[in-house]
Structures are given as C-alpha cells and as structure tokens.
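Here is my note on this model. Please read the points with the structure open beside you.

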Protein chains: 2
Amino acid sequence: MYCSQVHMSSLALTLSLSLSLSSKVEMEVLVTELLKDYHFGQQQLIEIWGHACAVAITKAYPLSSLSKKQPTVLVICGPEQNGSIGLVCARHLRIFEYEPTIYYPKRSPHSLHQDFTIQCEKMDIPFLSYLPTEVQLINDAYNLVIDSILGPETDLQDVKEPYSGILATLKQVKIPIASVDVPSGWDSDEASTDGINPEVLISLMAPKKCATSFSGKHFLAGRFLPYDMQKKYELNLPEFPGTECFIEL
Amino acid sequence: MYCSQVHMSSLALTLSLSLSLSSKVEMEVLVTELLKDYHFGQQQLIEIWGHACAVAITKAYPLSSLSKKQPTVLVICGPEQNGSIGLVCARHLRIFEYEPTIYYPKRSPHSLHQDFTIQCEKMDIPFLSYLPTEVQLINDAYNLVIDSILGPETDLQDVKEPYSGILATLKQVKIPIASVDVPSGWDSDEASTDGINPEVLISLMAPKKCATSFSGKHFLAGRFLPYDMQKKYELNLPEFPGTECFIEL
C-alpha cells in the first residue's frame, strides 16, 4: 500500500509538471465552446477521436505482438458519446486489419450514433448479442478489450445493468483492457481504488484528473484543438511528433 | 511532344496495372452509396479527406524543405465540397505548424460548409479578400498553392469568374501547386493538355481517369473505404503502410 501510494504521487507529479489535468466541468465547458463557438460538429469530433484511438491501439498492441492466431479485439460500447467513439475506433481497426467484435448492449436512439453503428454493421463487423459471463471465454477469444463504455460525463450514481455487470466481468478478465478517455466506472475527477484496471488509457484532448491514479501506458489522442483553446484552458499539451494524432505520455 | 506522349502512355500503363481509375459517374455512384447505404456523413467524409490531404502535403512538402522563411501556404477554395476539403486541410496544416492563408472567393451558403469556414476563422487563419493579379506577389509570399477549387463533379462548361481568372493566374505561378482530387479545370475523365500544371496531385479514395496525364508526385488519400465497396467498384487499391491515411503512388 505504501509503495503504491509513493508510485501514485510520483506519477501525479510527473503529469503535473508536463501537462495539466482537466476536471469534468472544465472538459464540458471546453467541448461546449468547440461546438457552439468553433462550430465543430459532433460527428466530426467523434470521427477524429475514434480514429485517433484506433491509431493509438495499433501502437500499444501492434498486429505482430498479438498472442492469438487471429487479431481479435472486443470493443464494448456504452450508450452515449464514448460508445460512438468506440464504434469509430472499431471501424478504423478493421481498416488496419484487426478483427474487432462489438458489444453494444443499449443502442443510442440518436441518429448521429445510429449512423456510426450502421457503418460498422455494413462493414460486417460482428456484434455480440450478449457478453459471456464465463470470463474464460473472453480471455480465449480476444487479444484485448477496448472499454468505450462510460465517458467522463457519466454520473456514476446512475450506472445500472447491464453496465454494472459488464464492469464486474471486466474486473475479472485476464486479457488487457484499453480504456477510452476514462476507465469505465472511475470518477473522472478522482483517483480510483476499486475500479477496473486497464493496461492502457487513451485520454482524449487532455488527461482527466483520475489519470493521476493510472499507472499503465497512457496515450493522449485527438490532435486538433485550436491553439487559443489550449492556452485559454491552460492545457499545456505536449508536442505531438510529426503528423501523429496521438502521443504516449 | 513525342517524348511526352511516350511518358504519358507508360504512366497510364503503370497505373492500370496497379489500381483502377474511376470515372466521374463511378465516383458519384460510390459516394452516394457511402452516404445512403453506409450512412457516412458529409461532415465526417470531408474531415477524413481534408485531414488526409494535410498529412500528404506534409509528406510532399515537409516544413524543413520549404524555401521561404515562414512556412506559408496559400489554400484556394472553391464553392462546393472540394473547397471545404481545402478548409479542413488548411486547419490541420495549421495544427502541423504550417502557416496557411485561405482564398475563398465565393462562400457556400450551406451550413455544413460554413461550419468548416468558421473553424478556420476562429483559429485565426487569414482569409484573403482578393487574389493578387501580379503573380510575382504570390510567388514571393507563399511556398506553395493548394488547389481545392473545382472537384471532379464540376461541369467545366459552367466555370466562370472568379474561377477562370484564378486558373489563368495559377497557370503563371512559379511556386508548386498541389491539387486536391483533380487539378482544377481538368476534366475528371480525360487527359488534359492545356490546364494548370500541378506538381502534386492528391487523389481522394481512387485516382480519376484524368490522372493518366499527370506526371508529378501522385498521392492517394483517404483510407476508410469498406472492403466490400473496394471490391464492388474494383478499385484494386494499394496496401497503405502502417496506419497511414495516404500512400504515394
């Protein structure tokens, strides 16, 4: 416990020296400004984020590094925006020659999200009708799980089935988990002690405060933020190499 | 003249061996299928294409290779979709630390295109109110011109001012021109003999038939086409390296 605390605070120190951590409220204000003042579209942002996540995944888990014979990936998508980012990520992973399978238990009624779903369906990416409760089946079938279930905007008080069951399953899987933006079930603003334990975290635009208690591989993805906004919100982003849409922190 | 004809036909042979060339009608049918059946959004496609163009430009003209002190680029945008792709390209070039200036003489009344314009304006990318008729001013001020004026869908019979004047100016500039999808003023389906003479052509999704008479650096950009569509339209696309969104042909 002592070791882990020391590790956590040294990581927090490293992060705070290099770039800022954003609170849930700050991120909401930032995204609202992108949509209202800069006239970015949600479709456009979700495409940018999902693509960047897929590219980061190829970096964290190159095709050549996968232990299973087939480059299978299970992408679990939540009902809101974070789920749609997962759908876009799955589509680009298919283009990068991975074999994604999607589990999307509660589909969003919004046409924006439905369009992203249809794109995956038309590309013949399989959708699971249920998640096996026998964890060994997941460990055997997939190389990794992409967690695009709950985003930073999720009110954790409201998390019910099927998501509470999915999170319980994810705590038991032995294959690596890569979480999109925040590990599902973690409070975006706080260190987590008993949530799922992803090997990879892909922060979108800026790391959230909960990233201080994350000790795995940490990527920052989505390189499009106007310089004025980076300054205004004091994001202090690192320099992305070349034309890369992500950076390992 | 003899040499140039030999060169053209050997280039055509190389292209036909490696990947197919698409006619204007085929591309229209393909894009309609992407929008209607696959539910891709125009905003999403324009973002993907514009980003891929910007990345291809950084490959063709790396910052370190530019002759002027400032990494200036003039992006000329037409009134339709090709112009919006130019706007997105300019925005990403700004993020990649180029200094784009936009000339967008006739702004589209569609909110989709207007949103892309606002994103550039809010990022403080300068817009020219007119194009200098004195070509030397353009040669002196910019490292290159990005031609995102007229797309393959343009009916060349309808090309009037200000575009005919812009094309006349572009025939005289000495700095390199990079054209998006088709060189403006060229018929998408035919070899051109007297149009503008770009150094770089960035074909989107698949090269158009007019690419047979293009002898400069040729890139294919936009890596997202579902495999079924690639097969159905017999595009025979080359293998993109890694996660790159473009390939040099």
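1. B:Asp181 is buried, at 7% relative accessibility. Buried means under 20% relative accessible area, exposed means over 50%, and partly exposed is in between (1.4 Å probe, protein chains only). B:Asp181 forms a salt bridge with B:Lys208, with the closest N and O atoms 2.6 Å apart. A salt bridge here is a side-chain nitrogen of Lys or Arg within 4 Å of a carboxyl oxygen of Asp or Glu. B:Asp181 lies in the loop between strand 5 (177-180) and strand 6 of chain B, and B:Lys208 in the loop between strand 6 and strand 7, so the pair ties together parts that are 27 residues apart in sequence. B:Lys208 is buried too, with a relative accessible area of 1%.

2. A word on the source. This is a predicted model, where local features need pLDDT of at least 70 and side-chain atom pairs count only at pLDDT 80 or more, while totals for chains, interfaces and linings use all residues. Residues are numbered from 1 along each chain as its sequence is written, chains are lettered from A and ligands numbered from 1 in the order in which they are written, and side-chain values use heavy atoms, leaving out hydrogens and water.

3. How many salt bridges are found over all chains? The search finds eight. One of them joins B:Glu47 and B:Arg91 (2.6 Å, N to O). B:Glu47 sits in helix 3 (residues 42-60) of chain B and B:Arg91 in helix 4 (residues 81-95), so parts 44 residues apart in sequence are tied together. Helices (H or I, at least four residues) and strands (E, at least two) are DSSP runs, numbered from the N terminus. B:Glu47 is buried at 2%, and B:Arg91 is buried at 1%.

4. Now chain A. A:Glu121 forms a salt bridge with A:Arg107, with the closest N and O atoms 2.7 Å apart. A:Glu121 is partly exposed, at 34% relative accessible area. A:Arg107 is partly exposed as well, at 43%.

5. Next, the sheet of chain B. Eight strands form an open sheet in the order 3-2-1-4-5-6-7-8, with mixed pairing. Two strands pair if DSSP finds at least two bridges between them. Strand 3 (127-128) and strand 8 stand at the edges with a single partner strand each, so one side of each has no neighbour in the sheet. Strand 6 (residues 200-204) and strand 7 (residues 217-221) run parallel and are joined by five bridges. B:Val200 has B:Lys217 as its bridge partner in strand 7.
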